[in-house]
Amino acid sequence: MKRRELIQHLALITGAALSPSVVQAMINGIDGRINIQNPTLNETQRATCSVLAEMIIPRTDTPGAIDAGVPHFIELMVSDWYTNTERTIFLEGLATLNSYCLKEHGSPFLTCSQEDQIAALTHMEVLASGYKSKLSAMPFAKEVDEHVPFFGKLKELTVIGYYTSEVGAKQELIYQPMPMEYRDIEFREVGRQWSS
């Protein structure tokens, strides 16, 4: 599968157009192993992103987001590839999440119980659900909305970071670089989606 096809498939997985920054980074071959040139996140923000990514894709019988290096990928994208608008929305989202926890639970996000952390992430999802973009939601549209709320950005980076990692492609998905045949397969036979 060519990188552009992979990006199109990931757009379908996330259910929206990918941000221009993410598309450009993926076309250039960016993954989570690259050093961050302009670190933006502080230790608390970094730890918060790790917890959030693992909440979205937890370790089960397959590796989770942390195992796949997703937190590093998130920081790489936010620091080195996001536009100023995207970066500001992401950082303000982290601050809003923490403020919500302090107000509702009397504790910063990182020291909240798992139940309270889930409630906070759900709150951020509800806030994002009210957002209506005026730009195209089609993958590879000429203009894609940079103003997608924090939760949408977080979900996009987590899913893309995970499924473009070696762990996501080879352990979560069934990796077959050259299947060499076409046949219909019942999902129940394999239990996972295919990647290539």
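## Terms and model

Helix axes here are lines fitted to C-alpha atoms over the stretch in contact, and the angles between them run from 0 to 180 degrees between N-to-C directions. This is a predicted model, in which local features need pLDDT of at least 70, side-chain atom pairs count only at pLDDT 80 or more, and totals for chains, interfaces and linings use all residues. Residues are numbered from 1 along each chain as its sequence is written, and side-chain values use heavy atoms, with hydrogens and water left out.

## The chain as a whole

Let's start with the overall layout. The chain holds 9 helices and 2 strands; these are DSSP runs, numbered from the N terminus, with helices being H or I of at least four residues and strands E of at least two. Read from the N terminus, the order of elements is α-α-α-α-α-α-α-α-β-α-β.

Of the 196 residues in the chain, 39% are buried. Buried means under 20% relative accessible area, exposed means over 50%, and partly exposed lies in between (1.4 Å probe, protein chains only). Among contacts (heavy atoms within 4.5 Å) with a separation of 6 or more, 67% are between residues 24 or more positions apart.

Helix H6 covers residues 114–129, and its 16 residues should span 22 Å at 1.5 Å a residue; the end C-alpha atoms are 22 Å apart, which agrees. The expected span is 1.5 Å times one less than the number of residues in the helix.

The buried residues in H6 are Gln117, Ala120, Leu121, Met124 and Ala128. They cover an arc of only 95° around the axis, so they sit on the same side of H6; the arc is that of the directions from the helix axis to the C-beta atoms. On the face turned away from this buried side you will find the exposed residues Glu115, Val126 and Ser129. The cover over the buried residues of H6 includes helix H3 (43–56), helix H5 (84–105) and helix H7 (150–163).

H5 and H7 pack at an angle of about 100°, with their axes 9 Å apart. H5 and H7 are therefore roughly perpendicular to each other, a label used for angles of 65 to 115 degrees, while under 35 counts as roughly parallel, over 145 as roughly antiparallel and the rest as oblique. From H5, the contact uses Glu86, Ile89, Phe90, Gly93 and Leu94, and from H7 it uses Phe150, Lys153, Leu154 and Leu157. Sorted by class, this contact of H5 with H7 has 6 nonpolar, 1 polar and 2 charged residues. Here Ala, Val, Leu, Ile, Met, Phe, Trp, Tyr, Cys and Pro count as nonpolar, Asp, Glu, Lys and Arg as charged, and the others, Gly among them, as polar.

H6 and H7 cross at roughly 110°, and their axes come within 7 Å. H6 and H7 are therefore also roughly perpendicular to each other. Leu121, Met124, Glu125 and Ala128 of H6 meet Phe150, Phe151 and Leu154 of H7. The contact of H6 with H7 has 6 nonpolar residues, no polar ones and 1 charged.

## Helix H3 and Thr48

The 14 residues of H3 should span 20 Å at 1.5 Å a residue, and its end C-alpha atoms are 20 Å apart, which agrees. Its buried residues are Gln45, Thr48, Cys49, Ser50, Leu52, Ala53 and Glu54, and they pack against helix H4 (70–81), H5, H6 and H7.

Thr48 has a relative accessible area of 7%, so it is buried. Leaving aside residues up to four places away in sequence, Thr48 touches Leu94, Leu97, Phe109 and Leu110.
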